[in-house]
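Biologist: Could you walk me through one part of this protein with me? I would like a close look, taken slowly.

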Amino acid sequence: MSKYHHIKQIAYEANMQLPKLGLVLFTFGNVSTADRELGVFAIKPSGVPYKDLTPEKMVIVNFDGEVIEGTLRPSSDTLTHAVLYKHWEAINGIVHTHSTYATAWAQSQRDIPIFGTTHADHLTTDVPCAPPMSDELIEGNYEYQTGFQILNHFQENGLDYKEVEMILVGSHAPFTWGKTADKAVYNSAVLEAVAQMAYLTEQINPSAPRLKDALVNKHYQRKHGPDSYYGQ
Ligand SMILES: O=C(CO)[C@@H](O)[C@@H](O)COP(=O)(O)O
């Protein structure tokens, strides 16, 4: 058995959650999970429909994006995953989807405003949207540059990747991450729900107010503070 069997299994199971949660159609997304000791991650092969996926089909790649084990081509988004793993050492799972509402906000090149307590349960800021890349960068290695586009946007806006575990890539689609692949998948589902609620909120009331800071903090602390399940 491959010494990477455990991460292939985790990556497979996390990938299979995406169609079950309604976050992908056909081959529209990918999940990876890292083993920091082995210095690699397992990622979905490119263009393989979820119905044909097996743990053995997962591709093992190092943090420079070089294939270490696997017969299929790794996801076309592999270099974005590699850049994030290389620079953000606390994450072990990354998800990319084209879920409808989150992608619509990304294509509209807008942050998702913090309108409600569901949003505040998970983060205290708007969901950030990184501006689209210049033509020059797009003509280079788009997926590699996407990794830096995400890193730069976090740095320039003083965002902490351990607190804000999601981003919209302008003119493209969302990426989420977490300590585990399961948490990254959870974050993608939360993002899609928040994106839908924010869209509907603006449709019903284009001048809907943002959530008051006191409520933002109360809800976030309830789920992340020292007395919370995750904070302990
Ligand atoms: O962004 C895109 C396409 O727009 C890709 O993420 C999506 O098609 C998935 O590609 P892979 O099958 O993982 O190579």
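Biologist: Which residues does UniProt list for "domain: Class II aldolase/adducin N-terminal", and what surrounds A102?

Modeller: Happy to! This is a predicted model, where local features need pLDDT of at least 70, side-chain atom pairs count only at pLDDT 80 or more, and totals for chains, interfaces and linings use all residues. Residues are numbered from 1 along each chain as its sequence is written. The unreviewed UniProt entry lists residues 9-199 for that domain; UniProt positions follow the numbering used here, feature names are shortened, and annotations may be inferred rather than shown by experiment. Over residues 9-199 the chain is 39% helix and 17% strand, with the end C-alpha atoms 36 Å apart. Helices (H or I, at least four residues) and strands (E, at least two) are DSSP runs, numbered from the N terminus.

Now to A102, which sits in helix α3 (residues 100-107). A102 is buried because 30 other C-beta atoms lie within 10 Å; the cut-off for buried is 20 or more, exposed is 12 or fewer, and partly exposed is in between, with C-beta atoms placed from the backbone. Not counting residues up to four places away in sequence, A102 touches L168, P174, L191, E192 and A195; contact puts C-beta atoms, placed from the backbone, within 7 Å. By comparison, V48 is 54 residues from A102 in sequence and 23 Å away in space, C-alpha to C-alpha.

One of those partners, L168, is also listed with A11, V31, A42 and V169 as having the most contacts inside the largest nonpolar core, which has 57 residues. Helix α7 (residues 181-204) gives the most to this core, with eight residues. Such a core is a set of buried Ala, Val, Leu, Ile, Met, Phe, Trp, Tyr and Cys residues joined through C-beta atoms within 7 Å.

Terms used
Two residues are in contact if their C-beta atoms, placed from the backbone, lie within 7 Å.
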